[in-house]
Amino acid sequence: MDSKSPKGILVTGAPRSGTSWVGRMLSLASDTNYLHEPLNNQFAVKTFHEEPFPYWFMYLSKDNQDAYLKKISRMIGLQPGPRISKKGKQIPVIKDPIAVFSSEWLANTYDLDVVFLVRHPGAVIKSILTLEWNTKPKIFFRQRPLMDAYLSEYEAELREYQNLDNKLAQAALMWKMIYHVAHIFQERNPNWIFMRHEDLCGDPVEKFSTIFSNIGLDFTEQIGQDIMDYSSSSNPVQPANHWDIRRNSRSNIDAWHNYFSRDQISEIRALVEPISSHYYQDNEWPLA
């Protein structure tokens with residue numbers, strides 16, 4: 001590990017945006033250590049043996065950091081401050097979509113490199129609905145500091161959808177809020193790597209090679225072969241186990257198109273605009 005090597009790497013984005021795949025592929029580098037979702041209370045308790053956080057999608061900032069700094073440092077094995085080259089020290093790859101709203105604080109506090117995944121809202125929403133995950137708005141507006149800092153313009157929508165049984169709209173609103181904040185972070189942090197899931201799926205070896213190079217990890221021939229194996233056309237598009245990251249990456253790009261009706265696709269686009277237009281053009285919607 002030299003002076004260009006990262007102190008730590010945060011892989012984040014919306015849930016179901018490919019963070020597990022990217023985190024695991026970056027962890028193929030010999031000097032890395034994979035950490036799975038420390039801000040997810042399920043793993044905070046069972047894996048890291050810490051008390052749960054008070055909120056889902058916990059928002060950490062300078063205003064509340066004193067209560068959590070020691071806990072986070074224990075979980076990720078890093079101390080606050082700039083990177084110091086230490087021969088033989090493992091680089092933590094922190095895969096955590098639940099940390100998405102805390103990503104800027106984490107990066108600034110621990111001097112982390114950030115890989116931020118973006119995935120088409122149709123694909124994310126399809127995956128969330130298939131898994132029957134809860135995205136009820138209360139998990140967001142209970143955090144007043146988060147609402148005041150970034151999401152105040154969505155409060156009326158959050159309260160509207162809170163009491164409606166419209167899981168598609170709730171998931172769409174979650175996507176829109178996450179990438180509203182992501183776009184702010186992207187403009188403030190030009191050194192962060194923002195990668196669209198679709199681009200990664202279209203050319204995994206080339207795109208991963210670029211990510212490895214940009215964050216100072218060695219990309220070996222064996223790593224390239226492993227990435228090809230994980231994204232091969234011989235893999236299923238949708239594995240039986242949703243945690244299985246071996247997938248047919250190219251076919252996975254448009255797998256959501258036939259899941260929704262024409263009206264539902266129109267509804268999703270209306271719900272996620274104008275934020276989605278930062279990342280996806282007209283021709284990337286199947287009805288365009």
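Two rings of Phe, Tyr or Trp form a pair if their centres lie within 6.5 Å, and a pair whose planes are over 60 degrees apart counts as edge-to-face. In this predicted model, the structure holds 20 aromatic pairs. One of them joins Phe-185 and Trp-192: the ring centres are 5.8 Å apart and the planes meet at 70°, so this pair is edge-to-face. Both of these residues, Phe-185 and Trp-192, are buried.

The two residues also belong to a wider arrangement. Ring pairs link Phe-185 and Trp-192 into a cluster with Tyr-59, Phe-116, Tyr-150, Trp-175, Tyr-179, Phe-194 and Tyr-279.

At Phe-53, the charged end of Lys-71 sits over the ring, 3.8 Å from the ring centre. At Tyr-230, the residue over the face is Arg-246, which lies at 4.1 Å from the centre of the ring.

How many cavities of 30 Å³ or more does the structure hold? There is 1 cavity of that kind, and the largest cavity has a volume of about 40 Å³. Its lining is formed by Pro-38, Leu-39, Ile-72, Ile-76, Ile-94, Asp-96, Ala-99 and Leu-106. Of these lining residues, 7 are nonpolar, none is polar and 1 is charged.

Notes:
Residues are numbered from 1 along each chain as its sequence is written. This is a predicted model: local features need pLDDT of at least 70, side-chain atom pairs count only at pLDDT 80 or more; totals for chains, interfaces and linings use all residues. Side-chain values use heavy atoms; hydrogens and water are left out. On a 1 Å grid over the protein atoms alone, a cavity is a set of points where a 1.4 Å probe fits but cannot get out, and a pocket is an open set with protein on both sides within 12 Å along at least five of seven lines; lining residues have an atom within 4 Å of a point. Grid points are joined across faces, edges and corners, and a volume is the space filled by probe spheres set on the points. Ala, Val, Leu, Ile, Met, Phe, Trp, Tyr, Cys and Pro count as nonpolar, Asp, Glu, Lys and Arg as charged, and the others, Gly among them, as polar. Rings of Phe, Tyr and Trp (its six-membered ring) pair if their centres lie within 6.5 Å; planes under 30 degrees apart count as stacked, over 60 as edge-to-face and the rest as tilted. Buried means under 20% relative accessible area, exposed over 50%, partly exposed in between (1.4 Å probe, protein chains only). A charge sits over a ring if NZ of Lys or CZ of Arg is within 6 Å of the ring centre and within 35 degrees of the ring normal.
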